Amino acid sequence: MIEIQNLTFTYAGADSPAVRDVGATAATGTIFGLLGPSGAGKSTIQNILIKLLPMQQGSVRFDGVELATQGREFFQQVGVSFEHPNLFPKLTGLENMHAFAGLYTGPMRDAASLLDSVGLGASKDKLAGDYSKGMKQRLVFARSLLHDPRFLFLDEPTSGLDPATVEIIIELIRAERDKGKTIILTTHDMRVADALCDVIGLLHDGKLVACDSPRELKLAHGQHAVKLERRENGKLIAETLFPESETDRARLAALCGAADFETMHSQEATLADIFIKLTGQGLAA
Ligand code: ADP
Ligand code: MG
């Protein structure tokens with residue numbers, strides 16, 4: 001379990017904090033997602049949690065142990081996939097894995113099969129410097145799993161990947177969660193957050209504006225709508241009705257009763273819709 005309390009961080013020379021009074025809990029065996037647009041403070045939070053940035057204010061506990069008191073053994077338990085892949089460009093993919101494995105003690109997972117699992121099996125002997133952005137991303141992801149860490153920090157692990165590869169990475173992250181890992185994932189892609197996260201914190205301008213499961217966020221902040229398409233004098237007409245409204249409910253019942261529609265779909269708010277509703281800003285910004 002990772003417990004974050006009152007985390008605040010200001011970069012040297014900055015006028016205002018990049019992270020403001022953030023509190024959240026990632027339970028063991030779950031995926032906690034930080035979702036927000038570029039500049040929201042996601043990477044700053046991750047970097048404090050992995051001790052790359054100093055703790056200025058607040059507290060973080062890993063399975064009850066204060067981060068500030070953790071020594072070097074902390075890094076044995078933590079796997080990190082960085083937003084900007086930091087690799088040895090003159091080493092091959094497989095050599096990068098072996099070089100990294102050398103930093104750890106204890107049993108390691110098999111480097112070649114990890115590379116296979118992220119689709120880099122055929123490229124494992126190519127120089128990492130010649131990898132595409134997506135391949136580098138997959139290499140740092142595979143590398144983060146090498147020492148089988150209990151805590152995983154994944155900063156935009158699917159950025160720059162094609163949709164089919166995103167699905168593969170999503171499945172691999174789920175598999176880690178199902179093995180009992182505690183995972184903190186940052187993303188600006190609501191589909192990835194929605195598909196993967198047990199709990200999502202919506203981050204805006206350094207502040208958590210909402211924090212709950214994707215389903216609860218949608219129930220609490222979204223509006224249900226039903227979209228029908230029907231024909232009137234041969235012309236296709238679309239109607240969006242809100243079951244919360246009595247008039248719309250009556251209209252829906254009448255149309256359904258008369259089977260007067262060609263298509264009917266329920267429309268849930270997306271996480272992006274909710275983010276705009278709560279912050280006035282989109283996720284892509
Ligand atoms: P995100 O990961 O959500 O895109 P970041 O944590 O990278 O957001 O950035 C949060 C804020 O902190 C932004 O305003 C960004 O410009 C600023 N910032 C990030 N890194 C640094 C740094 N090394 N020095 C100064 N400001 C920074
Ligand atoms: Mg970032």
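Among contacts between residues at least 6 apart in sequence, what share joins residues at least 24 apart? In the protein chain that share is 65%, with contact meaning heavy atoms within 4.5 Å. The model here is predicted, so to speak of local features a pLDDT of at least 70 is needed, and side-chain atom pairs count only at pLDDT 80 or more, while totals for chains, interfaces and linings use all residues. Residues are numbered from 1 along each chain as its sequence is written, chains are lettered from A and ligands numbered from 1 in the order in which they are written, and side-chain values use heavy atoms, with hydrogens and water left out.

Now for the overall layout. The protein chain has 9 helices and 13 strands; these are DSSP runs numbered from the N terminus, with helices (H or I) of at least four residues and strands (E) of at least two. Its C-alpha trace spans about 70 × 45 × 35 Å along the principal axes. Of the 285 residues, 45% count as buried, that is, under 20% relative accessible area, where over 50% is exposed and anything in between is partly exposed (1.4 Å probe, protein chains only).

Next come the aromatic rings. A search of the whole structure turns up 6 aromatic pairs. Rings of Phe, Tyr and Trp (its six-membered ring) pair if their centres lie within 6.5 Å, and planes under 30 degrees apart are stacked, over 60 edge-to-face and the rest tilted. With centres 4.9 Å apart and planes at 85°, F62 and F151 make an edge-to-face pair. F62 belongs to strand β4 (residues 57-62) and F151 to strand β7 (residues 151-155), so this pair ties together parts 89 residues apart in sequence. Both residues, F62 and F151, are buried. Ring pairs also link F62, F74, F75, F151 and F153 into a cluster.

Charges get paired up too. The search of the whole structure finds 20 salt bridges, each a side-chain nitrogen of Lys or Arg within 4 Å of a carboxyl oxygen of Asp or Glu. One of them joins D205 and R20, whose closest N and O atoms are 3.9 Å apart. D205 is in the loop between β9 (199-204) and β10 (207-212) and R20 is in strand β2 (residues 19-26), so the bridge ties together parts 185 residues apart in sequence. D205 is partly exposed at 41% relative accessible area, and R20 is partly exposed at 23%. E239 and R230 meet in another salt bridge (2.8 Å, N to O), and both E239 and R230 are buried. Salt bridges with shared partners join R109, D148, E176, K179 and K181 into one network.

What about a buried charge with no salt bridge? R138, in helix α4 (residues 133-145), is buried yet has none, and the nearest side chain of opposite charge, D162, is 5.8 Å away; here Lys and Arg count as positive and Asp and Glu as negative, with His and the chain ends not counted. Leaving aside neighbours within four places in sequence, R138 is in contact with V118, G119, L120, L161, T165 and I169.

Finally, there is the metal. The magnesium ion (ligand 2) has S43 (OG) and E83 (OE) as its protein donors, 2.1 to 2.6 Å from it. Donors are N, O and S atoms within 2.8 Å of the metal (3.2 Å for Na, K and Ca), and water is not among the atoms, so sites may look incomplete.
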